[in-house]
Amino acid sequence: MAESTVVLHVGGLHWATSGGVVESALRRRPGVVSVAANAANQTATVTYDPAHTSVDALSGWVRECELHCAGQSVPNHVCDPMAEPGQHDVHGAVSPQEMMGHGGHVGMSMDQMVRDMRNRFIVALTLSIPIMLWSPMGRNMFGFTLSAPFGMRDDVFTLLLSIPVVFYSAWIFFDGAWRALRAHTLDMMVLVAVAVGAGWLYSVGVTLTGGGEVFYEAASVLTTFVLLGHWFEMRARGGANDAIRTLLELAPPTAVIVRDGTPVEVPTADLVVGDLLLIRPGSKIPVDGEVTDGHSEVDESMVTGESLPVTKNPGSAVIGASINTTGTLYVRATKVGSDTVLAQIVQMVQEAQNSKAPGQRLADRAAFWLVLVALIGGVATFLVWWLVGAGVQTALLFAITVVVITCPDALGLATPTAIMVGTGLGAKRGVLFKNATALETAARIQTVVMDKTGTLTKGRPAVTDVVVDGIAETELLTLVTAVVEGRSVAVGNRKLMVEEKIDFGALMAKRDELAEGGRTAVLVAVDGRGVGVIALADAARETSAAAVSALHELGVDVVMLSGDNEATAKRIASQLAIDSVIADVLPRDKAAEISAVQRSNTKVAMVGDGVNDAPALAQADLGIAIGAGTDVAIETADVVLMRSDPLDVPIALRIGRATLRKMRQNLGWAVGYNVIALPIAAGVFQPLFGLVLRPEVAALSMSGSSLIVAVNALMLKRLKLPTDQPA
């Protein structure tokens, strides 16, 4: 079965648990293999069999849930989930919000949804104040009595005030609950709708049958606090996506191209491969290309994380969104739209944020059952209090409080918000996690196996030693195997010198010493006499030693994997303080060596950059590709290091550990909160301590719990990493 994957842009996922509606609706459809919805990004990533369904059919099924869906979504399409309608993404394509249209909250961008939530909250707050003042609870709290206008009864007056609260401010709860039930699932919308609806309908019944104790203030204040909490929560979720927003803003909206020798400014979206671009000093390079003329320094830090400017000359490749600093460049466009490095980075980060970690899948299932527990608990609470003679009003009060306080929004929010912040933090450092599982796996790595050539070393042999006898070093280095200025010169290995019957005397011992140290020793003879030894070796990268040290600080063992002989491999290993060496490994055997390390019951990350590293990257628990490596290695890996810097390996592990720590903290808080709050809300401690929670307080507590989870995840942005510079 040839599977395809599409990212559908879904509008109207207000709560962290709202994605369950889409997931439940699509999983039952023919041809759907898997689906992961992300309320924070307003997306649903669907893997499907094209032989049995299509993107149009998937979009249609989402719309049947009364959610809006951008039917023009295509596989690997990268859009800004928070863009305003009419804005364009880095591809030059119309944003998903523009495709959605403007019909109600289901077609809104995240920013518009935040404003809509704020407006509903303001209406609810404005009307809840007088409802409270004219309610029995308000009279008890404030100690004074107000008469309703026009001679109306207080309950009739508060009923009229509550109508806009229920049918405007709280309507998204009823709408969302209806969609969830149609999709045969349960989420927090169901709980809030049940709580608000039960209290309000009971009160309407009491008012219409002559009056009595009513809960209009409970229903309205409950609505107000839930909206307040989720207004702040949605703003926090938007802040978690700052990395995507920042990346999207990197691409310049316009570019200057040369047509018939004249510079012309055009939209970046209109560029095609082959266009000749004029890049003036201080300007952003709009797309990927190759320098045809000019010399300059280009700042690529915003894309690759590389802090130092890179020199560009004719023939040099340039990256879109990088900044030309000093000279004027003429650049031929080689990649535009979705093919640019920036677009691929955005796509990779979005795919990671849209994916689900194993812990999140467990939390989603727990959230569903928690909703069911809340509903059953609410009914049980009502029946118990009613049977012990507490009265309908008291029993209903406790039941509504149980339903409200047990809302699992914090549980649903705990993991995805941390993942969004973690992947965004990595993207800013040039560390790209392909999915949430990679982020979680990075936190559990115990051993890092690093390929030597091109990863720990520069991959380019360099002269390390020059030993001379009777000749100047500079003169020696100018001679080659030939007759030079009347002198016979021979440069080569020991075999050549034996054939030429040349004696090197004490220099041969030095040659053997250098060779035993892992260097390639080149012998030089002039006029039949040995005069020098030149040692060559693949030098370690400048940051390799710091990378190994940083990994040791994390308690991670470091293994070097190399196809070189043991002496050469151990020379590099000793320089870098690497724990162990696996040498003389053929390319085809690298994956088997990784498997052997895994058999010692350790979680293994493999770091490599070549085609022959791809099987080993796939075999490892976590494959990490150096960004300057081949496309095959990058495609196979779980993490891509854009800077080609081994120091980014411990950075990736630090981000993974910090993210997993936040996930565990959030899940622990969400579960612990419900374990403590549910019996209090049910009135278990009321006979002993007189402790009673009203629905309004429960709503404030529930919303506060969700907000704490979101803010705690955002604190991950303050994580200190090895590349941080002092202020």
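Colleague: Which strands does helix H23 lie across?
Modeller: Helix H23 (residues 590–598) lies across strands E15 (447–451), E21 (557–561), E22 and E23 (604–608), with contact meaning heavy atoms within 4.5 Å. H23 runs at about 155° to E23 (axes fitted to C-alpha atoms, for helices over the stretch in contact; angles from 0 to 180 degrees between N-to-C directions). Helices (H or I, at least four residues) and strands (E, at least two) are DSSP runs numbered from the N terminus. The model is predicted, with local features requiring pLDDT of at least 70, side-chain atom pairs pLDDT 80 or more, and totals for chains, interfaces and linings using all residues. Residues count from 1 along each chain as its sequence is written, and side-chain values use heavy atoms, without hydrogens and water.

Colleague: What is the strand order in the open sheet?
Modeller: The order of its 7 strands is E14-E25-E24-E23-E15-E21-E22, with mixed pairing (at least two DSSP bridges between two strands).

Colleague: Which strands stand at the edges?
Modeller: E14 (431–433) and E22 (580–582) do; each has a single partner strand, so one side of each lacks a neighbour in the sheet. Neighbouring strands are turned by 20° against each other on average, direction ignored.

Colleague: In what sense do E14 and E25 pair?
Modeller: E14 and E25 (residues 639–641) are antiparallel over 3 bridges. Leu432 has Val640 in E25 as its bridge partner.

Colleague: Turning to rings, how many aromatic pairs are there?
Modeller: The structure holds 8 (Phe, Tyr and Trp six-membered ring centres within 6.5 Å; planes under 30 degrees stacked, over 60 edge-to-face, the rest tilted). One of them, Trp171 with Phe174, is tilted, at 5.8 Å centre to centre and 55° between the planes.

Colleague: How far apart are Trp171 and Phe174 in helix H7?
Modeller: They are 3 residues apart in H7 (residues 171–182), about one helical turn. Ring pairs also link both residues with Phe167 and Trp200 into a cluster.
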